[in-house]
Amino acid sequence: MLKRLLLLVLLCPTVLCAQPPAADLAFIDRLLGAWEGPLDDARYREEWNRQDATTVNGTARVIQNGQVQSEEQMRLTFFAGEWLFIASTGGQRITSFVRVAVNDGTWIFENREHDFPQRIGYRVEGDTLGAYIALLDDTGRRQ
């Protein structure tokens, strides 16, 4: 009997922390769909689709003269109490970023060990998606 009770006590914090706050889920809902805009002399397009309540999958493409120049697979998921942004460029390399802050509605993810980017920001306002990639100190190569 003690073993069962101890197991239940150990599982309770996990169960209580299994769901993100409602505001986070609302942000995910607003992210869903297709977003497109200019990027230098090309077009940038992101598409986000729901996998389940706490995971969405995305594809980002740079399109120039009707041809896909680059493509990236992305996943935004809630795991072990944290939001993770996972990206794979061409299936060759997978890189993950952890959400470290929400500033004025912008979700900020970081991976201090990655060369570039080390920081990713996402903000959804109405029908506009704002996103950027940068170094940790935001100098030089912010895009």
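Helices and strands here are DSSP runs, numbered from the N terminus. With that settled, the chain reads α-α-β-β-β-β-β-β-β-β-β along the sequence. That is 2 helices and 9 strands. This is a predicted model, so please keep that in mind throughout.

Some overall figures. The chain has 143 residues, and buried residues make up 33% of them. Among contacts with a separation of 6 or more, 24% join residues 24 or more positions apart.

Next, the core. How many residues are in the largest nonpolar core? There are 20, and those touching the most other members are Leu31, Trp48, Leu76, Phe85, Phe109 and Tyr122. Two or more residues of this core come from each of helix 2 (22-31), strand 3, strand 4, strand 5, strand 7 (106-110) and strand 8.

Now the largest pocket. It holds about 900 Å³ of space. Its lining has 34 residues, and Tyr44, Glu46, Ala60, Glu72 and Ile133 lie nearest the centre.

Which strand gives the largest share of the lining? Strand 9 does, with 6 residues. Strand 9 covers 128-134, and at least two lining residues also come from each of strand 1 (33-39), strand 2 (42-52), strand 3 (55-64), strand 4 (67-79), strand 5 (82-89), strand 6 (93-103) and strand 8 (119-125). By residue class, the lining divides into 17 nonpolar, 10 polar and 7 charged.

Asn111 sits in the loop between strand 7 and strand 8. Is Asn111 buried or exposed? Its relative accessible area is 15%, and buried means under 20%, so Asn111 counts as buried. What is Asn111 in contact with, apart from neighbours within four places in sequence? The contacts are Thr95, Ser96, Phe97 and Gln118. Val98 is 13 residues from Asn111 along the chain, and their C-alpha atoms are separated by 6.7 Å.

That is what I have on this one.

Terms used:
Residues numbered from 1 in each chain as written. Predicted model: local features only at pLDDT ≥ 70, side-chain atom pairs only at ≥ 80, totals over all residues. Heavy atoms only, no water. 1 Å grid on protein atoms, 1.4 Å probe; cavity = no way out; pocket = protein on both sides within 12 Å on 5 of 7 lines; lining within 4 Å. Points joined across faces, edges and corners; volume = space filled by probe spheres on them. Helix = DSSP H or I, 4+ residues; strand = E, 2+ residues; numbered from the N terminus. Nonpolar A, V, L, I, M, F, W, Y, C, P; charged D, E, K, R; others polar. Buried < 20%, exposed > 50% of the residue type's maximum accessible area, 1.4 Å probe, protein only. Contact = heavy atoms within 4.5 Å. Core = buried A, V, L, I, M, F, W, Y, C linked by side-chain atoms within 4.5 Å.
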